[in-house]
Amino acid sequence: MDIEQKQEELIDHFVKQASSLTGSALSSVVADATSHPSLFAFSEILALPNLLQLEGTENAVYLDVLRLFAHGTWSDYKSNAGRLPQLVPDQALKLRQLTVLTLAETNKILPYDQLMQELDVANVRELEDFLINECMYAGIVRGKLDQLRKCFEVQFAAGRDPRPEQLGSMIQTLSNWLVTSDNLLISIQEKMSWADKMTELNKQHKKEIEDKVEDVKRAYSMKKFHPVSRPTVTSGGMRRSTPNLVE
């Protein structure tokens, strides 16, 4: 089963589970979703009305945790650790994985120094083990570890949930792409129309040439077999015409 299909099934599972709960009862769903080793998208769960209703209540912390995993990084957690629940090991691992995805969104060459700082990793060996075992083997990134240059070259990274402030830019990008696609389609249609016209003109030109060739053949054939009179002189000095076939 590919990672996209697995994601869809897990999202559907947690959405159904969370839809029937309210208040503090949602804490277990949030904890399970953010700890699951194969789930890396949370926007569908975050959009549930009963979860959004936690805003401003004593249970709002569960909403904050879900937002952290949907859009945040390990550095964001450290900056807000005082008002968030302590993460269990599986959650900490997941947030570090998500942090790599966030870094890979904007830069395909990730220096080891930057990764170690963002992930709170002590040394290169620990960082490379994490990238190989927890990221590449998990299928969320593909890339090359460059020990000489001390960087991770990203070839592929799974996408994260879009942040609210990114939506306007995404909509504009898609709109621009749509306009470009429409213009390209018009250009292709114009070129196809031109090609059809040229094909028709070529057919007409070919027909005209073939007709002219047939006319020449027909004229030559008639000239070849039509008798032509040639004057001759008789014994009495009189001229008379004798037919001759043109060869």
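What share of the contacts in the protein with a separation of 6 or more comes from residues 24 or more positions apart? The share is 50%. A contact here means heavy atoms within 4.5 Å.

Some ground rules. This is a predicted model, with local features taken at pLDDT of at least 70, side-chain atom pairs at pLDDT 80 or more, and totals for chains, interfaces and linings over all residues. Residues are numbered from 1 along each chain as its sequence is written, and side-chain values use heavy atoms, leaving out hydrogens and water.

Now the overview. The protein has 10 helices and 5 strands. These are DSSP runs, numbered from the N terminus: H or I with at least four residues for helices, E with at least two for strands. Of the 247 residues, 29% count as buried. Buried means under 20% relative accessible area, exposed means over 50%, and partly exposed is in between, with a 1.4 Å probe and protein chains only.

Start with helix 1, residues 3-19. Its 17 residues should span 24 Å at 1.5 Å a residue, and the end C-alpha atoms are 24 Å apart, so the two agree. The expected span is 1.5 Å times one less than the number of residues. Which residues of helix 1 are buried? They are Q7, L10, I11, F14, V15 and A18. Those residues cover an arc of only 135° around the axis, so they sit on the same side of helix 1. The arc is taken from the directions from the helix axis to the C-beta atoms. On the other side, E8 and K16 are exposed. What do the buried residues of helix 1 pack against? Helix 2 (26-35), helix 3 (43-46) and helix 4 (49-52).

Next, aromatics. The count is 2 aromatic pairs. The rule: rings of Phe, Tyr and Trp (its six-membered ring) pair if their centres lie within 6.5 Å; planes under 30 degrees apart are stacked, over 60 edge-to-face, and the rest tilted. F42 and F69 are edge-to-face, at 6.1 Å centre to centre and 70° between the planes. F42 lies in the loop between helix 2 and helix 3, and F69 in helix 5 (residues 60-71), so this pair ties together parts 27 residues apart in sequence. Both F42 and F69 are buried. W74 and Y77 form a tilted pair, at 5.4 Å and 40°. They are 3 residues apart in helix 6 (residues 74-79), which means about one helical turn between them. W74 is buried at 9% relative accessible area, and Y77 is buried at 9% as well.

The charged end of R96 sits over the W74 ring, 3.9 Å from its centre. Likewise, the charged end of K94 sits over the ring of F40, 5.0 Å from its centre. The test is NZ of Lys or CZ of Arg within 6 Å of the ring centre and within 35 degrees of the ring normal.

Back to helix 5 for V65. V65 is buried, at 6% relative accessibility. Leaving out residues up to four places away in sequence, V65 touches V30, T34, L84 and P85.

Last, cysteines. How many disulfides does a search of the whole structure find? The search finds 0, a disulfide being a pair of cysteine sulfur atoms within 2.5 Å. C135 is buried at 0% relative accessibility, and C151 is buried at 3%.
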